[in-house]
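Please read it with the structure open.

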Amino acid sequence: GRLDTAEKWFESAIEALPDGVYGYYNMASLSAMRKETDAACDYLQKAVEKGYENWEEMKGDDSLDNIRGSDCYKAIVGDR
């Protein structure tokens, strides 16, 4: 219920560590929980581009449920 506070923390993480993966992944999760599919996929794609490779976590992460059926999620995760 404190998504706004979490968003500020994740934005700070991205600013402090622009090549880190977790700020982007967490923003993807937060955006997905808000049903902001495009933003969630953009952040998830950035996390992957930065080196995030925990495919099993992505597939099992409940916070990504709202985007799991989207074309962009399928394009990012694919058959991994």
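1. First, the ring criterion. Rings of Phe, Tyr and Trp pair if their centres lie within 6.5 Å; planes under 30 degrees apart count as stacked, and planes over 60 as edge-to-face. By ring pairs, Y22, Y25 and Y52 are linked into a cluster. Keep in mind that this is a predicted model.

2. How many aromatic pairs does a search of the whole structure find? The search returns 2. In one of them, the ring centres of Y22 and Y52 are 6.1 Å apart. Their planes stand at 90°, so this pair is edge-to-face.

3. Is Y22 buried or exposed? With a relative accessibility of 56%, Y22 counts as exposed, because the cut-off for exposed is over 50%. Y52 has 4% relative accessibility and counts as buried.

4. Y52 also pairs with Y25. Here the ring centres are 4.5 Å apart and the planes lie at 20°, so the pair is stacked. This pair, too, links distant parts of the chain, with Y25 in helix 2 and Y52 in the loop between helix 3 and helix 4. The separation is 27 residues. Y25 counts as buried, at 4% relative accessibility.

5. Now helix 3. Its 13 residues should span 18 Å at 1.5 Å a residue. The end C-alpha atoms of helix 3 are 18 Å apart, which agrees.

6. Which residues of helix 3 are buried? They are A40, C41, L44, A47 and V48. Viewed down the axis of helix 3, the buried residues fall within an arc of 120°, so they line one face of the helix. The general rule is that an α-helix has 3.6 residues a turn, so residues three or four places apart point the same way.

7. What do the buried residues of helix 3 pack against? Their partners are helix 2, helix 4 and helix 5 (71-77). On the face of helix 3 turned away from the buried side, D38 and E49 are exposed.

Conventions. Residues numbered from 1 in each chain as written. Predicted model: local features only at pLDDT ≥ 70, side-chain atom pairs only at ≥ 80, totals over all residues. Heavy atoms only, no water. Phe/Tyr/Trp six-rings, centres within 6.5 Å; stacked < 30°, edge-to-face > 60°. Buried < 20%, exposed > 50% of the residue type's maximum accessible area, 1.4 Å probe, protein only. Helix = DSSP H or I, 4+ residues; strand = E, 2+ residues; numbered from the N terminus. Expected span 1.5 Å × (residues − 1). Arc of directions from axis to C-beta. Contact = heavy atoms within 4.5 Å.
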